[in-house]
Amino acid sequence: MELMILSKPAQVQAQVIAWKRQGLTIGLVPTMGYLHEGHASLIRRAAAECDRVVVSVFVNPTQFGPNEDLESYPRDIDHDTALIKECGGNLVFAPQPADMYGEGTRTWVTVEGLTKELCGRSRPIHFRGVATVVCKLMNIALPDRAYFGQKDAQQLAVIRQMVSDLNMPVQVVGCPIVREADGLAKSSRNTYLNEQERAAALVLSRSLAEGRKLLEDGSTDADQVMARIEEVIKSEPLARIDYVQAVNADTIEPVHKVEGTVLFAIAVYIGKTRLIDNFYWTAEESHAN
């Protein structure tokens with residue numbers, strides 16, 4: 001079928017309702033555009049598991065704080081639509097900010113607790129914007145399943161909490177991080193890096209690999225693992241740490257021992273570009289090793 005490109009919420013909702021009347025299942029892949037192989041993996045999985053796939057392409061202004069990269073965030077709708085079609089998407093929802101936030105918008109979605117640590121420390125309004133826009137997208141696209149990358153692990157936890165708390169009839173599907181051949185997690189912001197910074201950015205995945213080695217060798221001391229990750233990052237002159245944290249994967253509360261499932265997450269500035277990466281580790285993996 002021909003790829004549909006719509007910009008108005010009511011148009012998308014009407015199309016999705018028509019599909020649902022035919023008994024078709026709907027997958028939603030929310031994105032901010034400038035799509036890469038990480039996004040492509042989400043769209044392909046949605047296409048494999050759902051009858052119709054809606055992909056939103058929207059640089060959401062409410063999740064950017066002052067002095068962040070809203071204006072410079074990369075955009076290429078022609079490239080995005082071609083990739084979406086290639087990966088099996090059926091409908092592109094590409095609204096303008098005025099389509100999503102009408103004059104006099106007063107309603108926001110705030111998920112408490114999970115947004116205090118990690119990215120919430122330095123980006124205090126970020127997750128209010130994320131939760132609000134994802135809630136709106138789910139109300140517009142009415143998906144049976146919604147797909148998110150695990151690179152944004154805190155975002156994934158926040159959305160799962162919101163869906164549970166608000167009794168939203170959506171299955172939230174987390175998908176693995178997609179990496180470049182040399183280990184760098186794929187990100188639209190990687191395009192900001194010059195050649196020297198791109199090489200320096202490998203310190204993120206390298207530091208996490210060193211932390212994982214300690215766990216594989218039997219350590220259950222999350223503080224020891226974080227210290228090793230920090231040590232590796234600090235060895236790179238172009239790197240500046242925003243945070244290195246170990247948290248409970250569900251509640252995003254800091255932990256010191258490996259119990260249950262722990263998320264080891266980092267945010268690092270390479271030059272002016274802020275990059276994030278992470279991995280999950282379970283207590284069972286520690287015992288298995």
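**Entry 1: the sheet.** I looked up the sheet and found three strands in the order β7-β8-β9, forming an open sheet with antiparallel pairing. Strands are DSSP runs of E with at least two residues, numbered from the N terminus, and two of them pair if DSSP finds at least two bridges between them. β7 and β9 stand at the edges with a single partner strand each, so one side of each has no neighbour in the sheet. This is a predicted model, in which local features need pLDDT of at least 70, side-chain atom pairs count only at pLDDT 80 or more, and totals for chains, interfaces and linings use all residues. Residues are numbered from 1 along each chain as its sequence is written, and side-chain values use heavy atoms, with hydrogens and water left out.

**Entry 2: strand β8.** I then followed the bridges of β8. Nine bridges join β7 (residues 239-248) to β8 in the antiparallel sense; Asn-248 has Val-262 in β8 as its bridge partner. Towards β9 (residues 273-282) I noted 10 bridges, also in an antiparallel run. Tyr-269 has Arg-274 in β9 as its bridge partner, and Val-268 has Leu-275. β8 and β9 form a hairpin with two residues between them, and Gly-271 in the turn has a positive phi of about 65°.

**Entry 3: burial.** Is β8 buried or exposed? Eight of the 10 residues of β8 (residues 261-270) are buried, so the strand is largely enclosed by the rest of the structure. Buried means under 20% relative accessible area, with a 1.4 Å probe and protein chains only.

Technical notes: Buried means under 20% relative accessible area, exposed over 50%, partly exposed in between (1.4 Å probe, protein chains only). Helices (H or I, at least four residues) and strands (E, at least two) are DSSP runs, numbered from the N terminus.
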